[in-house]
Amino acid sequence: MQHPQVNHDELDILYGTLRHIARASNAHELLLAASRYAQENGAISCVLFYVHYTPRLHWELVETWIDVGGFSAEIGDRFYPEQQAMIGALEKLPDKLLLLPDIEKEPNLDEISRDTYHKYEMRASAVMPLWNRGQWIGTLMFNWNHPYHFSERDQRIYTALIQQAAPIIDSIRAYAAEEEARKESELLYRIGEGVNAAMTYHEVVEAVAKVDTESQAVYLSLWDNHDGDSSDYFEVLGVLRQGDNDRILTPGQRFTRQMFPLTDFMRGSSVWLFEDIETDPRVDASSKFMLEQIGTRAMIATDLYYHERWLGGLAFHDSKPRTYTQSQVRLTIGIGELVSAALERIRLQQLTENSRRRAETLAAMNAALSQANSEDEILAAIAAVAEPYGVQMSTLSYSQIKEDGLIDSVTPVAVRGLQLSEKSQSKVPYRFVDYPLLNLVYQQPDAPIFIENIHTDARPEVRAGIDEAGIFGSSALIIFPLQVGDTWQGVVFIAWSEPQTFSEEIRILFTAVQPAIAAVVARRRAYLAERQRAHQLETVAKVSAAAASILDVDDLLDAVAELMRINFENYQMSIFLIDPHGNYLLSTAPTYSIRATRPFQVIAINDEYSPIAKAARTKQGVIANDPHQLSQVSIQPNGGTVRSEIAVPMVVNEQLIGVLDVQSYEEHLTNSDIWVMATLADLIAVALQNARLYTQAQELAIVEERSRLAHELHDSVSQALYGIALGTRTARMLLDQDPMRVAEPLDYVLSLADGGLSEMRALIFDLRPESLEEEGLLVALNKQADVLRNRHNIEVDMQFEESIRLKLEAEETLYRIAREALHNVVKHAQATRVSIKVECVMTSIIMEITDNGRGFDLTHSFPGHLGLHSMRERALRSRGLFDVKSAPGRGTTLRVTLPPDCLR
């Protein structure tokens with residue numbers, strides 16, 4: 001009779017408990033209803049756990065009832081299998097009651113669970129797994145602070161309670177979850193509105209911050225190019241600070257995969273949940289160190305994907321350990337797709353805007369480049385693109401090319417951002433081999449080279465070039481190699497004093513401007529080369545003109561030296577002449593540049609090291625661009641450093657005249673320069689040869705003129721003096737013998753003296769042609785007529801229009817022709833009368849000389865024909881006409897006609 005009564009009591013207890021459970025509307029009421037029987041039997045606490053399977057299996061404390069002492073955990077606390085081994089045991093038997101009468105004596109209880117009971121001051125426990133619809137939904141635990149003997153009745157009630165309470169608890173949990181889901185949906189909707197309206201990364205972060213307002217910082221990080229599969233680093237682009245952590249990141253900071261291995265480890269996870277970074281075994285040492293640096297102790301995050309492309313991640317950071325709710329987990333997962341779509345939209349908008357802005361920048365730069373007329377203006381056009389990004393300095397340098405096509409050196413031609421003193425120093429040429437950093441251009445000749453931090457860049461060329469950049473205090477660089485086709489034009493440097501993080505937009509922009517810069521520099525250098533060539537050819541023409549007009553060797557060398565000094569101011573040029581024996585080259589007429597001079601030099605022609613001697617030996621141009629191969633000549637201390645040299649031989653008719661030596665201070669001379677200098681050398685050589693021949697001709701003419709004067713003196717003055725001496729002796733003798741006859745020899749002496757005087761005057765006039773300008777043509781011709789009258793007893797008839805005024809050149813031409821004609825009359829014509837007529841007919845000047853001599857046959861050779869030839873040449877040089885009429889026994893008429901422009 002007693003057993004049915006017991007069962008009836010148990011049913012009443014169970015019914016009453018279930019009735020109160022059914023009336024419960026929340027977890028607290030549910031727990032109070034479920035713990036009535038245990039509380040009546042001395043339990044000091046009751047705990048309700050919900051089981052969650054995401055992001056990984058754990059228990060969450062959702063409600064607790066505590067009497068004095070006992071369980072001291074807080075609602076929201078989580079317990080993981082590695083923290084509570086009992087979870088694993090319950091998972092294996094999710095519908096079996098677990099009774100622990102005495103924790104201290106329980107043989108099957110693991111040490112982790114035993115330590116947990118000790119921690120919460122529990123000695124006995126009834127653990128009731130809640131299983132419904134094929135899944136484990138939670139656990140009820142009744143605890144005692146002393147050993148407790150569980151009766152069979154307790155076992156039956158608790159077992160029935162498990163079976164009956166689980167569906168009710170599940171439905172309550174489902175209802176609460178549905179209500180929470182509704183609130184989450186509403187929140188996600190509001191967040192979605194903000195995300196969809198966001199135009200920047202920061203606005204996206206501001207919109208999603210509502211997911212967790214308690215976090216100290218919200219970070220939006222994106223992989224380079226928004227593609228985690230092809231990127232080595234991610235960049236923090238959106239930051240929202242919500243707490244007082246002083247180590248919050250700032251937008252623009254970058255981190256490599258090596259710095260955060262956790263990114264690849266957690267890839268593909270719907271949510272990253274780290275409630276305590278310090279103790280979480282999943283966090284590697286490197287990631288832990290980086291998180292500690294930014295003050296992060298707890299974090300919840302989600303990966304961001306768009307069409308299977310890994311964009312980056314969105315993370316909520318806390319500086320202290322934290323327990324995240326399931327709602328926070330779900331919201332974090334839920335915003336992932338919203339944010340991913342927004343990021344792609346913003347990215348496309350930015351690409352469009354960047355493309356537009358980039359097109360405008362390129363158009364403005366191209367317009368500025370097209371109008372640039374100097375290197376400074378070219379660099380200014382480039383700097384207009386770069387300087388808005390805070391550059392320290394920028395330089396444009398031209399390259400000098402070796403024979404193998406590689407760069408030998410570069411010379412800065414324009415500098416921005418330095419003081420003048422620094423700028424002047426920075427324009428010194430520097431050899432390529434001495435600057436390892438420049439070798440990067442060979443590896444990447446068609447695109448800019450980006451160096452974000454010269455102190456940490458791992459490339460060997462950069463490591464070796466730290467000192468180069470350190471000269472100007474530069475820490476970041478962009479190098480533009482300027483190569484068009486296979487020809488190197490130069491290089492542009494843009495430098496920052498601090499390390500830089502070059503965004504994708506900067507990289508795209510500067511990569512886009514590089515071809516335009518290279519093309520403009522190539523055109524500029526071609527223009528300068530053409531202008532230099534034209535300047536050189538103009539100099540050649542000037543030297544040619546000087547060579548044609550100057551016949552004195554010293555005057556010619558001085559004129560050539562001055563022309564080259566003025567027109568080749570960046571060069572030092574000297575002329576070396578071969579000595580008469582062909583053993584040495586002697587410098588003469590050095591061309592003094594504004595930078596240096598060469599004193600007198602002597603170079604042995606067999607000198608094996610001198611390019612000047614080699615050019616003389618081989619009679620071919622020699623070019624030297626190696627400092628060790630340059631001529632060892634004396635340079636003034638302030639003359640600068642010679643960088644290149646050309647020596648070209650001066651040869652005429654296979655005969656070596658000397659060597660023209662050219663040395664450059666600023667640029668390398670090339671084979672194309674040899675052609676110009678060789679042309680110049682040939683002109684100088686011919687001019688020197690002509691000057692020497694002219695000097696020889698002058699010396700020969702002087703000898704001939706001396707012979708003529710000696711002959712004239714012998715034929716005239718000497719004979720006159722002899723006659724005077726003879727007549728004087730006769731008069732002296734007659735004075736003693738017959739004084740009455742003295743008058744006759746004295747008259748003879750006087751006539752001889754008058755003739756000799758006239759003859760001397762004519763000779764002196766020939767020796768002093770400037771007298772023609774002082775006394776005029778009429779006086780000069782009268783002196784010649786007096787000689788014929790007094791010395792040769794020839795009657796002379798002069799007819800001269802005194803109104804005629806001739807230019808000096810015309811008067812000299814007529815005088816020389818008349819003198820030669822009268823000389824022929826005296827020597828060959830045997831004439832007794834001569835007529836000289838000068839008149840102006842129809843603005844032409846005509847001189848006619850006629851004699852009554854024996855004449856000659858114009859068709860045959862005759863005495864004096866060489867004189868006629870000379871007279872004809874003189875007339876032609878004055879653009880005049882020369883005509884002779886003669887016949888044997890008929891006399892001779894000579895006629896000269898000069899053009900009207902000979903009149904003054």
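Hello everyone, and a quick word on the ground rules. What we have is a predicted model, where local features need pLDDT of at least 70 and side-chain atom pairs count only at pLDDT 80 or more, while totals for chains, interfaces and linings use all residues. Residues are numbered from 1 along each chain as its sequence is written, and side-chain values use heavy atoms, with hydrogens and water left out.

Let's start with the whole chain. The protein chain has 24 helices and 29 strands; these are DSSP runs numbered from the N terminus, H or I of at least four residues for helices and E of at least two for strands. Of its 904 residues, 47% are buried, where buried means under 20% relative accessible area, exposed over 50%, and partly exposed in between, with a 1.4 Å probe and protein chains only. Taking contacts with a separation of 6 or more, 61% are between residues 24 or more positions apart; a contact is heavy atoms within 4.5 Å.

Now, please find strand 2, residues 58-66. Eight of its nine residues are buried, so strand 2 is largely enclosed by the rest of the structure. Strand 1, residues 45-52, pairs with strand 2 in the antiparallel sense over eight bridges; for strands to pair, DSSP must find at least two bridges between them. Strand 2 is also joined to strand 3, residues 78-79, by two bridges, again antiparallel.

A pair of aromatic rings is described by the distance of the centres and the angle of the planes. Rings of Phe, Tyr and Trp (its six-membered ring) pair if their centres lie within 6.5 Å; planes under 30 degrees apart are stacked, over 60 edge-to-face, and the rest tilted. The count comes to 18 aromatic pairs. One of them is tyrosine 37 with tyrosine 158, edge-to-face at 5.5 Å centre to centre and 75 degrees between the planes. Tyrosine 37 is in helix 3 and tyrosine 158 in helix 6, 121 residues apart, so to speak a link between distant parts of the chain. Tyrosine 37 counts as buried at 6% relative accessibility, and tyrosine 158 does too, at 1%.

Back to tryptophan 59: its ring centre is 6.1 Å from that of tryptophan 136 and the planes are at 85 degrees, so this pair is edge-to-face. Tryptophan 136 is in strand 6, 77 residues away from tryptophan 59, and both are buried. There is also a cluster linked by ring pairs, made of Trp223, Phe234, Phe255, Phe260, Tyr305 and Trp310.

Last stop: an open sheet of six strands, in the order 21-20-19-24-23-22, with antiparallel pairing. Why is one side of strand 21 left without a neighbour in the sheet? Strand 21 (602-604) stands at an edge with a single partner strand, as does strand 22 (622-624), so one side of each has no neighbour there. Three bridges join strand 20, residues 584-588, to strand 21, and leucine 585 has isoleucine 603 as its bridge partner. Helix 18, residues 611-618, packs on this sheet, touching strands including strand 19 and strand 24.

How values were computed. Axes are lines fitted to C-alpha atoms, for helices over the stretch in contact, and angles run from 0 to 180 degrees between N-to-C directions.
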